[in-house]
Amino acid sequence: MLTFPQKITVMCFAASYGVAFSLELWHLLRPRPILRYVALGISGAGLFAHIAYLTVQDLPLGSPSGALLFVAFILAVFYVGEAIHHGRIAWGLFVLPLVLGLIGLGVLVHNPNPAASWQSYWGVTHGALLLLAAVGVSIGFIASVMYLVQLRRLQAKLPPGQGLSLFSLERLEQMNRRAILWAFPLLTAGLLSGFALQIYNDVLLADWFNPRILSVIGLWLVFAILLYLRYRVHVRGRQMAWWTMIAFVILVIALVFPHPFDGGAMP
Amino acid sequence: MNLLCVGGSFKTMPIELREKLAFDGPKLPAALNELASRYGCESAIVSTCNRVEIYVARAGAPTAPDAELIAEFIAQFHDVRYDQIRASMYTRTNDAAAAHLFRVTSSLDSLIVGEGQIAGQVKKAYEAAHVAGSAGVVLHALFQQALAVAKRVRTQTGISHGHVSVSSVAVDYVRQVHHHFGDKTILVIGAGKMGVLTLKHLRELKPERILVANRSPEKAQAVAQECGGTAIAWEQLDDALVEADIVLSTTGAPEPIMPRRRFDAILARRSRGTMVILDIAVPRDFDPRIHDGDRACLFNVDDLKRIQEQTIQERQQHIQPAEAIIEQEVKRFLNDWRRKKNGPIIAQLTQEFERERQRIVTELFAKMNGKLSEEEKKHIEGAFKLLQNRFLHGPISVLAEDTPEPTQHNLLDALRKLFRLER
């Protein structure tokens, strides 16, 4: 007989986040603080179900499905934390669709029999570093979307304090910059540990055209361009936001494709 | 509750009269004391630049103080002829008076609907009445509820969203772009009157430095001295714009001082973030085409006034939901008040009947000793209880009904006499 945590399905937490998102939308149309509190409560319940699912199902975090659900979980934690600290800001409208999208992708690419790829030291290091970098990229993406929306509001000279409540451009840019500065070293270390993992498996540079490897390298290159633009050319604001969004799309591609050691191209 | 409100506001009274009738400084406690000693009632006075209102109440008495007398008191207190103010005064009683105070405190009766000051002014009026000892059981409940209602209206409707003064709107825009101000430079160009007011608001952001540029070095020096800034030469304007994060332009120049081409050259030299330009000069100082929302956000007087008007219009949409809240809260206030007032007498009546019923049932059981089974005893006890409840239902329901004050008072008196209840 199944125990209570074993009965938890993806639908349980996805539905919680979905309801919370609907409440946030409702709050946007008819502002009522209670809607925010209820959304927060429901998201909290969703988080509980989410972590229970990840723990009980024992999904390998190296698999696309496991990685996507894990990043979605961290972003849901980020939403709850930020909604408590900066309750005025419409976090739910930006973070929850992303969380739901990642969960949806996680379900789509689910492989019921993934190979265990994280058994070696290098495997664990590589996977953990890339997942942490993915969290940074996702937060940078959220900050970038918010930045572009705020920019659009300013371009249209919409009344401040009406409709969406967002941070200032400066603060959103700062948030994006911090996320990039957090993600880049992790991504670099993750990439290097990936090479170490290949050496460990004695297949160094055996499959350069694996989409996952290519997209992680592409992601690293985009980040290098981002940092160059920011600190050398002093590009700011809108362009930085677009580059971060490109980085996020590449990240999603990297996460969706199976790892070379997880049913991918390599044996 | 015998509540009465007598007063006048900007809607009924010219400013000259409102100024004469203001209860400011030591006049306020003196008037509160005078009201208590003359009419033996609770009193509170809401006196702002837009209204003068006296709230009086007599909780236990059959009638409220006379409205004419209170209006006469206002005239007499300020040495104004009564016939001079009579036509501009209004009177509200009981539930209408409560609703009026709730509307006033929630800023629905203000010159600018949704303005935030009035709730604080009502709070001060209540505190003054509390300190003077003139607020009693009715006014304590009324004012406390009024402040709670105002908070509910403010949080549950968008009535107080946005700012309605041009300088506040300007600062709101600046806050949409910048977060930290300790490292920001404000550049003031010109020395217009409107600019000085806006600069006052901007200074509250505590910027790192304020630069002042003016064609006249003396004027630049004067403005810089006033705002704690640094005067710069007019020729250094472009260099200052390269360094500036917030620009406040208020020159009286007949032509724009900053055409697009000149500004593009400045932008090319900048490495700082978005520049916010508040161009409140008429005619405008900056070419409007420089606004891109990314590198430069330009807001001119028309933009700021448009936002001001939009905000006021937006607030109008929230009046109806706010009125619904007030209607609900007035009902709640009256019900609470009735419960509070009639509660002791209902409790006394119920206890009296309960005691009598228990005495009769105990005596009956004693007489029938041994002849009744436990079940029969239960039936008899239940029947007596039912009789008691049915008997009390009528009077208790009548007390809970929404009856006018004199009738309500007579009912309570009758109840006390009929059932021989002690006061």
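Reader: What is the handedness of the crossing of helix 2 of chain A and helix 5 of chain A?

Author: In this predicted model, helix 2 and helix 5 of chain A cross in a left-handed manner.

Reader: How is such a pair described in general, and what are the values here?

Author: Two packed helices are described by the angle between their axes and by the distance between those axes. For helix 2 and helix 5 of chain A, the angle is about 155° and the axes are 9 Å apart. Angles over 145 degrees count as roughly antiparallel, so helix 2 of chain A is roughly antiparallel to helix 5 of chain A.

Reader: Which residues make the contact of these two helices?

Author: Helix 2 of chain A contributes residues including Val10(A), Ala14(A), Tyr17(A), Phe21(A) and Leu28(A). From helix 5 of chain A come, among them, Leu93(A), Leu96(A), Leu100(A), Ile103(A) and Val107(A). By kind, the residues of this contact are 14 nonpolar, two polar and one charged.

Reader: Which residues of helix 2 of chain A are buried, and what do they pack against?

Author: The buried residues of helix 2 of chain A include Phe13(A), Ala14(A), Ser16(A), Tyr17(A), Glu24(A) and His27(A). Helix 3 (33-57), helix 4 (64-85) and helix 5 (91-108) of chain A are what the buried residues of helix 2 pack against.

Reader: What span should helix 2 of chain A have?

Author: Helix 2 of chain A holds 20 residues (10-29), and at 1.5 Å a residue these should span 28 Å. The C-alpha atoms at its ends lie 29 Å apart, which agrees.

Reader: Turning to chain B, how do helix 8 and helix 9 of chain B pack?

Author: Helix 8 of chain B packs against helix 9 (residues 193-203) of chain B at an angle of about 45°, with 9 Å between their axes. Helix 8 of chain B is therefore oblique to helix 9 of chain B. The crossing of this pair is right-handed.

Reader: Which residues meet there?

Author: Ser167(B), Ser168(B), Ala170(B) and Val171(B) of helix 8 meet Leu197(B), Thr198(B), His201(B) and Leu202(B) of helix 9. The residues of this contact are four nonpolar, four polar and no charged.

Reader: How many residues does each chain give to the contact of chain A with chain B?

Author: Chain B gives 26 residues and chain A gives 20 residues. On the side of chain B, helix 7 (137-156), helix 8 (166-177), strand 10 (296-300) and helix 13 (301-316) each supply at least two residues. The residues on that side of chain B are five nonpolar, 15 polar and six charged.

Notes. Residues numbered from 1 in each chain as written. Chains lettered and ligands numbered in written order. Predicted model: local features only at pLDDT ≥ 70, side-chain atom pairs only at ≥ 80, totals over all residues. Contact = placed C-beta atoms within 7 Å. Helix = DSSP H or I, 4+ residues; strand = E, 2+ residues; numbered from the N terminus. Nonpolar A, V, L, I, M, F, W, Y, C, P; charged D, E, K, R; others polar. Expected span 1.5 Å × (residues − 1). Buried ≥ 20, exposed ≤ 12 C-beta atoms within 10 Å, placed from the backbone. Axes fitted to C-alpha atoms, helices over the stretch in contact; angles between N-to-C directions. Parallel < 35°, antiparallel > 145°, perpendicular 65-115°, else oblique. Left-handed = near helix turned anticlockwise from the far one by under 90°.
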